[in-house]
Amino acid sequence: MKVAVLNYSGSVGKTIVASHLLAPRMNHAPIFAVETTNETAADLGLDIDQLRGEQFGKLFRDLLRLHDAIVDVGASNIEDFLSAMTRYEGAYEEIDFFVLPVIGTGKAQRETIKTITALVNLGVAPERIRVLFNRVQSDVEEEFLPVLTYASKTGDFVANAQALVYENEVFELLADARTSIADVLADQTDYRSLLRQADHADTARITHLTNRHALRALAKPVDRQLNIAFAALFEE
């Protein structure tokens, strides 16, 4: 599966979606960051191939040879990315799904609709445009009414209210630690035992051990919720 994560709106969590939701569930697909100014998966400690929007030709050739890939398109590069895509006839056919993370602000929802319109104008079929509701506080239908209403009215894209990621501090902690949920869960260290054995005068070590244990405790339920979100996002 090849997925592009994009939105005209910035700060909607595209890189987190690519790194923590998609990559671990797509055979650890390579991530291509089309970005020049903002955070990429490299800032989260992942290996990526970073490009600018006008370098679409290289990306297109890479996509042709891959079975799985994630393209994380930064808001600063989306215009160049979409413009370049029009120069290669049928280029959008190399991408199976266009995933648009959206948060609950009015601006983000308006710009998400703008992105959907741009993709439809390119010729992308509705079933290949998927919205992911990100940083959800409690209720998708209350927080994202404009997007859901537009989906119902136009049928231009898929908006499954179960395709959601709740607001959670774990993503900021993961970024600070430059690690991933998968790496946290793979770590079998018994931090409780280490805390009992540690010299409590060593505050730096105590802080490190407690942070790692807390991170794992947060990561486990979030990982389960991401499994549900991934299944809902690509549900037929």
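Modeller: A salt bridge here is a side-chain nitrogen of Lys or Arg within 4 Å of a carboxyl oxygen of Asp or Glu. Please note that this is a predicted model.

Colleague: How many salt bridges does the count come to by this rule?

Modeller: The count comes to seven salt bridges. One of them pairs Lys2 with Glu94, whose closest N and O atoms are 3.1 Å apart. This pair links distant parts of the chain, 92 residues apart: Lys2 is in strand E1, and Glu94 is in the loop between helix H3 and strand E5.

Colleague: Is Lys2 buried or exposed?

Modeller: Lys2 counts as buried because its relative accessibility is 10%, under the 20% cut-off. Glu94 is partly exposed, at 22%.

Colleague: What about helix H2?

Modeller: Arg65 and Asp62 form a salt bridge there, 3.4 Å from N to O. They are three residues apart in helix H2, so about one helical turn separates them. Arg65 is exposed at 58% relative accessibility, whereas Asp62 is buried at 10%.

Colleague: And which residues pair in helix H4?

Modeller: Glu111 and Lys107, four residues apart in that helix, meet in a salt bridge of 3.3 Å. Elsewhere, salt bridges with shared partners join Lys58, Asp62 and Arg65 into one network.

Colleague: Changing topic, which residues line the largest cavity?

Modeller: Its lining consists of Ile16, Val17, Leu21, Asn134, Val165, Phe171 and Leu226. Helix H1 gives the most, with three residues. The space inside is about 30 Å³.

Colleague: What classes are they?

Modeller: Six are nonpolar, one is polar and none is charged.

Technical notes
Residues are numbered from 1 along each chain as its sequence is written. This is a predicted model: local features need pLDDT of at least 70, side-chain atom pairs count only at pLDDT 80 or more; totals for chains, interfaces and linings use all residues. Side-chain values use heavy atoms; hydrogens and water are left out. On a 1 Å grid over the protein atoms alone, a cavity is a set of points where a 1.4 Å probe fits but cannot get out, and a pocket is an open set with protein on both sides within 12 Å along at least five of seven lines; lining residues have an atom within 4 Å of a point. Grid points are joined across faces, edges and corners, and a volume is the space filled by probe spheres set on the points. Helices (H or I, at least four residues) and strands (E, at least two) are DSSP runs, numbered from the N terminus. Ala, Val, Leu, Ile, Met, Phe, Trp, Tyr, Cys and Pro count as nonpolar, Asp, Glu, Lys and Arg as charged, and the others, Gly among them, as polar. Buried means under 20% relative accessible area, exposed over 50%, partly exposed in between (1.4 Å probe, protein chains only).
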